[in-house]
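Let's take a walk through this structure together. We'll begin with one residue and then step back to see how two chains meet.

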Amino acid sequence: MKQVNIRRIPVRLLALIAGLFLTVGAFAQIDVRGHVKDSSGEPIIGATIRVVGQSQGGVISDFDGNFTLKANQGTTLEISYVGYQTARVTAAANIVVTLQDDAQVLENVVVIGYGRAKKSDLTGSVTAIKPDDMNHGLQTNAQDMLQGKIAGVNVTSLSGEPGASAQIRIRGGSSLNASNDPLIVIDGLALDNKGIKGSPNGLAMVNPNDIESFTVLKDASATAIYGSRASNGVIIITTKKGRAGQKARVTYSGNVSIATPKNLLEVMDGDEYRTFIGNLYGTNSKAYKSLGWYDQKKTGTPTPTYKDGKLSGFKDYYSDGTQHFANTDWQDEIYRTAVSSDHNLTVTGGLKNMPYRVSIGATSNNGIVKTSNFTRYTASVNIAPTLLDDHLKFNINAKGMYSESRYADGGAVGAARWMDPTKPIKATQNDIYKEYFGGYAQWISDAAFIDPTWTKTVNSQATKNPVALLEQKSDKARSKSFIGNIEVDYAIHGFEDLHIHMNAGADYSTGKQTTTYDRNTAYGNDNYFGYDGWSDQDKYNLSFNAYLQYQKELGDAHHFDVMAGYEYQRFHQETDWDSFQYYPMTSQKTAEEEQADGTKKDVNLAGTRYNAPEGVTKYKTENYLVSFFGRLNYSLLDRYMLTFTLRDDGSSRFAKGNRWGLFPSAALAWKMKEESFLKNVKALTDAKLRLGWGITGQQEGISDYSYISTYTPSNGAHAYYDLGLNGGVAYRPDAYNTDLTWEKTTTYNAGIDLAFLNNRIEFSVDWYYRKTTDLLNSVYVAAGSNFRNKVMSNIGSLHNTGIEFATTVRPVQTKDWNWEVSYNMTYNQNKIDELNVGGAGRPVETGGISGGTGNTIQAHAVDHAASAFYVYQQIYNPDGTIVPNTFVDRDGNGIINSDDRYFYYKPMADVTMGFSSKVMYRNWDLGFTMRASLGNYVYNNNLSGAANTGTGAIYTLGYVGNRSLDAVNLHLDNVSIEQQMSDFFVENASFLKLDNITLGYSFAKILDANISGRVYATVQNVLTWTKYSGIDPEVAGGIDNSMYPRPFTTVLGVNLNF
Amino acid sequence: MKLKNFKNILPAAAIVLGSLSLTGCIGDLDVENINPQQTDTPNNDALFTKVYSNLVLTGQTGPNGNGDIDDIDEGTSSLIRQLWNANELPTDEAHCIWGDAGIPEFNHNAWGDVHPMMQALYYRLYFGITIANYFLQETEGTTDADVITQRAEVRFMRALYYSYLMDLYGNVPMITTVTKELAPQMARADLFKWIEGELKDVIGEGSGNEVMKDPAQKVAYGRADKAAAWLLLSRNYLNAEVYTGTPQWQLAKDYAQKVLTDGTYDLLTTGKGGYSAFQTLFMGDNDTNGAQKEIILPAIHDGLRTQTWGGCLFVIASVADEDMMKAYPYGSTEKWGGNRCRKEFVKKFFPAGGYNASGTPVQNTVAGKDDRALFFTNGHSLSITKESDFKKGFAYQKFSNLHADGSQCKHTQFVDTDFPMLRAAEAYLNIAEADARLNGGTCGTDGLNAIKAIRTRANCGTNPAPTTFTLDDICDEWSREFAYEGRRRMDLIRFGKFGGQANYKWEWMGGQENGMMFDKHLNIYPIPLSDLTANKNLKQNDGY
């Protein structure tokens, strides 16, 4: 059954059932035998058939869709069923009626928090969309379906890595340190959308093919019913269901996609690099001699060497051999063309009054970086039986997900840019590579001082061989998730206006990541003992809510809808880990070990664990939310609407006394179209004005126990301090703050919805202002007053203000042609109003960059946008080139230090736009989606980190590193940290992207077989227009540093209905 | 309501009942911490250990994870690492090529009141003080003799942390309990008095029964005894003129002599495994190789059990690169190529040149006729002609993780070398300097004998001959003996060679290659702006 307004069903069905018992008047009548089916040929049960003009009487179709009725020949029969357009036919002995989906009826009912509402009755800023089955790109996750579709909703995929998460922002971020992610509710169950180990995307468990609709609640009058979790908006996802009495229907959808790397950073090739090093250092230099590889041979056994009478190491028993140069395109070596596939099978139907839907999906997603992949299986079951004359309705959902990922080493993307191109991938002629590194060429260090049997190790500071990083490391994760819920709705017999609604759900997930490095890899800094480790995470969230809903019409003018409820949620999480390395089998190291008899003995450590954890590795935490909520809807004359909601949330994350937060909202709507002065304006189909206000809360981003006083003992194997007490265990008292309370966001919203020419043109404009106070911030406390220098507190405020505009235009709607264009635009401005975190007026630095420990490029400060770039002001030569290491002394005190930094743009866009177009001609459809982002800036860390191409930087610490051509062309040879933090590297990353183009063909039959469906081809990530000099201007957070690149993807797909 | 409806209400009632039984109640909001990595059971021995471990460890996991200090990379928050930076980089001894936030300002004497490292050090010291205060609160009124000794030691450690604060930041908040009440600011001179009183108490010359052990009765390696307090008193008296305006040379000399008279601690004069006595002090087994004779308060490191990205690993790895590792292994694969010498420091050993321009540290101790001239010069130039190039400027490899007894290092990266917070050589130089100050600027007999002992141990021979020793010579001797041990700034200030003068310059002083005077107010670091904001009782030091 399609989504309909639940509260109206019982009344209607009751009427239908009543109709059954009525007899029909009889004169000049014939027996009409009929059959009612839907457009796919499925019988429709329960359709009402009556004679036009008779206010009483009529029959309903049986379980096979059949009916019989007595009627005068030639009279008109009306056949209606909820969710379908009403049909009229002339009475005849045998008739077959096909009802068409009433798309408009469906669109008119939207799911809102704890209930449903007619779209026309909404008072808040709510956007509901049904995923466009035709015009979309590759949809691996639910977020992909929202990208660019809704004004005020910004979706940015974090990278091109398979299974990667996406950042969703609704109307900018309401918070600095707490979460900016919206609340996601699936089938009435609020989801913990943080994902699980191995599947970081919290929405990965929802197969996009199962999604019936999204409702995005944007302003507080709509979200406040969710109280403390709704400050960043709410996305309600409803999954598809079966329909009562429907015959089983099987559908298949699947696709194959081919992903290829799009843009890569241009770096020097082997020959260019050899010349570059030769010019820079000379061909007799150490730097030049470190290039390429040598056919080093083992010539002897290790013998100790002495310098000035002291053991200074072990004799290098490898001959030097001759120097060779390779020409390796490392980026070429780590990327690939990856083929992925996606299959979904669905069975929908209804066993009598029990609609069901079962679906399974399998996604195999290969990444363009070699070895990376993500495989996911999903299954979902929905049954929705109705009992007791439709008074008691169940909606039971179960969704399961199993995924397997293999991660490519995150360092490979960067290493491929930095690795010396004169080195080969492998050099079997080199005994050191062979003996210590599995044949892979690496930068080498001596390590004889610890173990004379293992005298070489990787140079820990040097770039690692990117191919070895991929192939010598196995980093796999498996995760499982289950979400189930039972929804019960009971319309009380005799008081059908009163419903009791209950929803109980559970969300279990578990994930484990297992990481293994070969014994001879260049892992980390401490390579040559290999590495084995795992980490896991188990979560369960339980939730329960129940509410009572009462609706009453008082006369024609007044309509009341009152709801009150209770919710309980529990979030539990556990993690654990283990990791260790090995002493090599040849190791001569020994350790004293106590024997059973109490004596001590030196034991050889060869092959035993090294760096293994001691102490407690398990971590557990949980929190609870208990809430009471209520809503009053009142409408007068179906023209003036009022909504008032109130929620009282109690969180276990706050101390008693600060625990409860009250979140009210109120909204007004005026359906202007219904007024007499507009009623007769034909061109205007609809007009509505909305005003809303509300307060929402936030408690994410703080620890579950930040108000409870405890100690943290030394943990792990490496934090003991041995004074002969307790084995060196030290206790640290934990900082706590009993004053902590809710962060609150107050939202004002004003909007207008207009529709013209029978909905051929629709407009919607919203203005909003969102002010967050009591920001959750980690704040400095007076030295000595607590056990940390910073403690989580409620300090500061910020606001977002913006305008959203959305329009859908249907320029052509004819029998053969259908063209729909939609466009949305959001302007958002974010500003911090108050922040007293590290000193009056002191910016709070954020946004760590690569290049020096502890350096940041962004800061939060009053009167600036959150995470604005905080940089030195570059001085330029008259010819536009930069004057190295020279900046404006902005505070004029004669020295350049960190006080001379200033605020320069911000990563968040001022304006984002989405544009999509879909043209259908007969069976063909062609669609595309574009997205634009204006005023977003990116710090090009790829360039700034490589900017120094002078003698002090290319050959350092015993290795040389490649540089991008852009970096070489800067001609900088002495780069201070200030230079790296120059505004020069902050670039305008505004962009226009052609996200996808899809061409499809729908068919009703294949070779006489009763199979309908559609085939399509899509290209994804097609074109980008930008001034940004890096690879991809779309960077969540605004710091571009070795991101796993988003691929160009071609998809071929088919949907089949059997 | 009609009676028949009751029957129909039953399902509704069932739902309501079901919901009540399912929901638990509001009482669930009263949670207890279920994290097994935390506990609510106190353990005073473990708190006591934390007061000491704050010298080395940066968090509860080691070497990183669960750090103690916010807004700083955990390894960078190490007390020793930041003491080192704050006292070496702004001076004639060292310059760092790194771009880590805060380093350039140290190099160029150009810090303001917002400086991440200076701020981290401040909070690191107060963190130690807070734990000490808490321990003293928790053990108040004890009659257990062992705990009383622990209390005395904790008071000593707190005085040590306050001494660093007094030296670095001057006028700082004074707090002796853990309380939300804002600490009052204490003037530097008053703090000097307070520390003096505390130290006298714990050596039995003040009031109360909380007295540390005599050196000979030391409880365990790593724990402080009276000698540590004597030497700290001596150090503070030596700097009393800077801190209070009133010199205390005689007391500086007296308390230094107490250390030597006791005799438990003295200079280590014999080397081991071919290493000189001086080198042996700074090696991986300096908890067993004899160096414990000289090291009065070690900051304990262990490659396996006590790991940090700061501490001695920083001191060792930050001065080394791959070439040095190959030519002169020092027992760790870590090589961070950051800190190297300013030429003025090299000249303390080679006033007229004569160094081995492509030598190892050992070769340069020969060239310099001084066991302390541990310069690695091969591939390096004398002068820092380019700030971002590690090879410009000699490397100085005084610390090593190799074990003098030939045993293997415990870990490939993390070091076993204990850092000497206090060692007996300081008593000798305190005597020498105090003696010279009392003698109108040149050493008397006591002073000359002390200098002679130091230089004899370093196998200096007669270069320069210790027949007359002026204050300038002593200032240089401080550098030769204690270079890279994290105290140079304090010594230069005492000798009037730091901020506000242009008589003694070093390369890149004040940010200029040839050296430029910087203002006198930089002789005291500013109170971090973050604490000025959090604590309304505080006033910024002059000049910031």
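Leaving aside residues up to four places away in sequence, A:Glu700 touches A:Ala178, A:Ser179, A:Lys194, A:Arg653 and A:Leu776, where contact means heavy atoms within 4.5 Å. You'll find A:Glu700 in the loop between strand E39 (684-698) and strand E40 (711-713) of chain A; strands are DSSP runs of at least two residues, numbered from the N terminus. A:Glu700 counts as buried because its relative accessibility is 17%, and buried means under 20% relative accessible area (1.4 Å probe, protein chains only).

A quick word on the ground rules. This is a predicted model, where local features need pLDDT of at least 70 and side-chain atom pairs count only at pLDDT 80 or more, while totals for chains, interfaces and linings use all residues. Residues are numbered from 1 along each chain as its sequence is written, chains are lettered from A and ligands numbered from 1 in the order in which they are written, and side-chain values use heavy atoms, with hydrogens and water left out.

Now for the meeting of the chains. Chain A brings 123 residues to the contact and chain B brings 129 residues. Together they bury about 10300 Å², 56% of it on carbon and sulfur atoms; that's the accessible area (1.4 Å probe) lost on being put together, summed over both.

What about charges? Between chain A and chain B there are seven salt bridges, each a side-chain nitrogen of Lys or Arg within 4 Å of a carboxyl oxygen of Asp or Glu. B:Asp30 and A:Lys656 meet in a salt bridge, at 3.6 Å from N to O.

Technical notes:
Buried area = accessible area lost by both parts, 1.4 Å probe. Helix = DSSP H or I, 4+ residues; strand = E, 2+ residues; numbered from the N terminus. Buried < 20%, exposed > 50% of the residue type's maximum accessible area, 1.4 Å probe, protein only.
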